[in-house]
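My entries follow in the order I made them.

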Amino acid sequence: MKTILNVIWLVLCGLWMFLGYIAAGLLLCITIIGIPFGVAAFRIGVYALWPFGYTVVDRHDAGGGSLVGNVLWVVLAGWWLALGHIFTGIALCVTIIGIPLGIANFKLIPVSLMPFGKEIVRTDQPFATR
């Protein structure tokens, strides 16, 4: 079932989200200071490409650098990304077929708001329940 949902997601909105995150990641990687933010954008882009069957878990070994990175990310980009996912999720939930896609869009909000200190793992892995 998750493969079917991923294919529908890919056709309707996943490919465009992936391309947007990759373009933002490439722009962020132009400067040395922006490389960690670009890598975070790449991770979110891959997650946005194929979200069903994956989940986001907190990394317990994340330190102060993740906090500083998240504060900068929220101020510069995270707020707008989260709003975009909220509005897109609401629009997708209007139809019955779009409800799982809208929920997947809501799943992207925490990682798009604060990507540092988080890890994207498969839902069938035992450590995904942390």
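Entry 1, an aromatic cluster. I note that the model is a predicted one. I began with Phe37, Trp73 and Phe116, which together make up one aromatic cluster. My search of the whole structure returned four aromatic pairs. In one of them, Phe37 and Trp73 are stacked, with 6.3 Å from centre to centre and 10° between the planes.

I looked up accessibility for both partners. Phe37 has a relative accessibility of 16% and counts as buried, because the cut-off for buried is under 20%. Trp73 is also buried, at a relative accessible area of 5%. Next I took Phe37 with Phe116: the ring centres are 5.4 Å apart and the planes stand at 90°, so I recorded this pair as edge-to-face. Phe116 lies in the loop between helix H4 (99–113) and E2, 79 residues from Phe37 in H2, and this pair too links distant parts of the chain. I find both Phe37 and Phe116 buried.

How do the axes of H2 and H4 cross? I find that they come within 10 Å and cross at roughly 175°. H2 is therefore roughly antiparallel to H4, since angles over 145 degrees are counted that way. I listed the residues in contact: H2 supplies Ile44, Tyr47 and Ala48, while H4 supplies Lys107, Leu108, Val111 and Ser112. Sorted by class, the contact of H2 with H4 has five nonpolar residues, one polar and one charged.

I placed Lys118 in strand E2 (residues 118–122). Is Lys118 buried or exposed? I read a relative accessible area of 16% for Lys118, so this lysine is buried, the limit being under 20%. What does the side chain of Lys118 meet in a polar contact? I found the side chain of Asp58, at 2.9 Å. I then listed the contacts of Lys118, leaving aside neighbours within four places in sequence: Arg43, Val56, Val57, Asp58, Arg59, Pro110 and Val111. One of these, Val111, I had already written down among the H4 residues that contact H2.

How values were computed: Residues numbered from 1 in each chain as written. Predicted model: local features only at pLDDT ≥ 70, side-chain atom pairs only at ≥ 80, totals over all residues. Heavy atoms only, no water. Helix = DSSP H or I, 4+ residues; strand = E, 2+ residues; numbered from the N terminus. Buried < 20%, exposed > 50% of the residue type's maximum accessible area, 1.4 Å probe, protein only. Polar contact = N/O pair within 3.5 Å; in protein donor to acceptor, adjacent residues only side chain to side chain. Contact = heavy atoms within 4.5 Å. Phe/Tyr/Trp six-rings, centres within 6.5 Å; stacked < 30°, edge-to-face > 60°. Axes fitted to C-alpha atoms, helices over the stretch in contact; angles between N-to-C directions. Parallel < 35°, antiparallel > 145°, perpendicular 65-115°, else oblique. Nonpolar A, V, L, I, M, F, W, Y, C, P; charged D, E, K, R; others polar.
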